[in-house]
Amino acid sequence: MKSEQMSAIDRSATGMRSRPIYMDHHATTPVDPRVLDAMLPYFTEKFGNAASVNHLYGWEAYDAVEAARGQVASLLNASPREVIFTSGATEANNLALKGVMRASRPGSHLVTAAAEHRAVLDPARRLQRDGYQVTVLSVDEHGRVDPEQVAAAIRPNTVLVSIMLANNEVGTINPISEIGRVCRAKQVTLHCDAAQAAGRIPIDLQTLPVDLLSLSAHKLYGPKGVGALIVRKGAGRVRIEPLLDGGGHENRLRSGTLPVPLVVGFGRACELAAAALPEEATRLAWLRDRLWTGLSAQLDGIRMNGHPTERLPGNLNVSFEGVQGDALMAQLKGVAVSSGSACTTAEPEPSHVLRAMGLSETLSRASVRFGLGRGNTEQEVDAVIDEVAQAVRKLRRITRFGP
Ligand SMILES: Cc1ncc(COP(=O)(O)O)c(C=O)c1O
C-alpha cells in the first residue's frame, strides 16, 4: 500500500498518525468505499434524470432510484412507496412538522420535547410564530420523554407529536413504542427523527407505531445532501402540505430532480448498515464501555451523561468537572470529538440538551461527546483515553494553580 493511501488508523498503528483519530460519528460519518463505488457511475455514464421517461438514460436512473428506495425501506422494514427522498434529515423534519401542521386547521397544536435537535425545535418555533400552538415537553435527567407526559399534553386540537428516536448529543433512546401507542390511541400523528438511530439500532416499522420518520444518509456512511421522510401508508389520515412546488416528484411531496448518485449511495449505505448492524452495535458498545472504564480509571470528577442502558452503542457523553469543554477541545490535538456547546451561533451556548436534562451551565460546558464508529479500533480507544486523561489533568492543574 502506498504511504499516502494509509489511513489515520494505519498510521496510528505505526506511530506516525498524521490526522486526529475521528470520534465524532454523530456529526457525520465517512462515505464507505463500497458506497462510493456504487455512486460513481451515476455521475458519469449513467447521468440520466430519473424523471426522463423516453430513453435509456432516464430508465437506468429511474431503476437505480427505485432500487435505492427498496434498500432504504428494507433497513426499516417499510414499503418502498413510503420513502420520500429529501436533502437530509433537516428537510425531512421540516416537511413533517410544517407539512402536517400547515395541512391542518389554523391554530392546531403540536407537541415536541426540549432535547430535540434544532432541526425540529426551529421549525416548531416558526410554526408557533405563525399562530400554531406548540408544547415543548421537558425530559428527565437522562434526556428521556415520559409517555404519560405526552398523553397529558395531547388536546382535542393536537395533530402532531414529534419525538426523536435517539438523541444526537447523549445517545439516549426514547420509549417510542409507548409514545406511539399513546398517539395511536388518541389518533394523533407521530413523527420521529431517527437521523441518529437509523443503521445504529434496529428499527422495524411493522411493529413501531410511528407515522413519519426522518433519516439522513451521512449519519450512516452515505453521502451528505440526501435523506428521506418515511410516510407510513397505513397512517392514511396523514395529510402533508409540500414545502416546495414544482414538478410533483416524490408522490407530490418533494418536487425537484432527484440527485441520483446521492440516492444510490444512500440506498447502498442502508443495505450495508442492515447487514453490519448486529455485529457493529455489539463491537461499538464494547469500545464505548472500554472508553468509559478507561477514563474513569484515570480520572475522578467525571460523569456520564445520558441513559445508562437505553443508549446508542457508539455514544459516550462525559462531563469533566473543573474543565471547560472548549479548552479541552483545544488541548486534544490527536482526537476529533465534539464539545457540548452548540457552536452554531457566534456566542457558543451550553448544550440545550444537557441543560434540559438538568445539568448546571458549568457542567454542560464541561462536556465532551465521543461518537464511535465503524473505523474505530481498540488501540484508538486506548490512545484517546490517555490523551484525554492527560489533557484533563493538565487543565485542572492550570485552573487550580494558574498557568
Ligand atoms: C437528530 C438529528 N436530526 C437532524 C439532523 C440534521 O440532519 P441533516 O444533516 O441530514 O440535515 C441531525 C444532524 O446533526 C441529527 O443529529
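Which residues around the ligand come nearest? I began with this point, noting that the model is a predicted one.

Entry 1, ligand shell. I found 13 residues around the ligand, of which Thr90, Asp193, Gln196, Ser216 and Lys219 come nearest. I then sorted the shell by class and recorded three nonpolar, eight polar and two charged residues. I also looked up where the shell residues come from: helix H4, residues 89–102, gives the largest share, with three residues.

Aspartate 193 has a polar side-chain atom 2.6 Å from a nitrogen atom of the ligand. Lysine 219 places a polar side-chain atom 2.7 Å from an oxygen atom of the ligand. For alanine 89, a backbone N or O atom lies 2.8 Å from a ligand oxygen atom. I noted next that the ligand on its own has 400 Å² of accessible area, 85% of which the protein covers.

I traced an open sheet of seven strands with mixed pairing, in the order E2-E8-E7-E6-E5-E3-E4. Strands E2 (83–86) and E4 (133–137) stand at its edges with a single partner strand each, so one side of each has no neighbour in the sheet. On average, neighbouring strands of this sheet are turned by 20° against each other, direction ignored.

I recorded parallel pairing over three bridges between E6 (residues 189–193) and E7 (residues 212–216). I then returned to aspartate 193, whose bridge partner in E7 is serine 214. Finally, I noted that helix H7 (residues 176–185) lies across strands E5 (158–162) and E6, and runs at about 155° to E6.

Terms used: Residues numbered from 1 in each chain as written. Predicted model: local features only at pLDDT ≥ 70, side-chain atom pairs only at ≥ 80, totals over all residues. Heavy atoms only, no water. Near = heavy atom within 4 Å. Polar contact = N/O pair within 3.5 Å; in protein donor to acceptor, adjacent residues only side chain to side chain. Areas by Shrake-Rupley, 256 points an atom, 1.4 Å probe, with all protein chains shown as cover. Helix = DSSP H or I, 4+ residues; strand = E, 2+ residues; numbered from the N terminus. Nonpolar A, V, L, I, M, F, W, Y, C, P; charged D, E, K, R; others polar. Pairing = 2+ DSSP bridges. Axes fitted to C-alpha atoms, helices over the stretch in contact; angles between N-to-C directions. Contact = heavy atoms within 4.5 Å.
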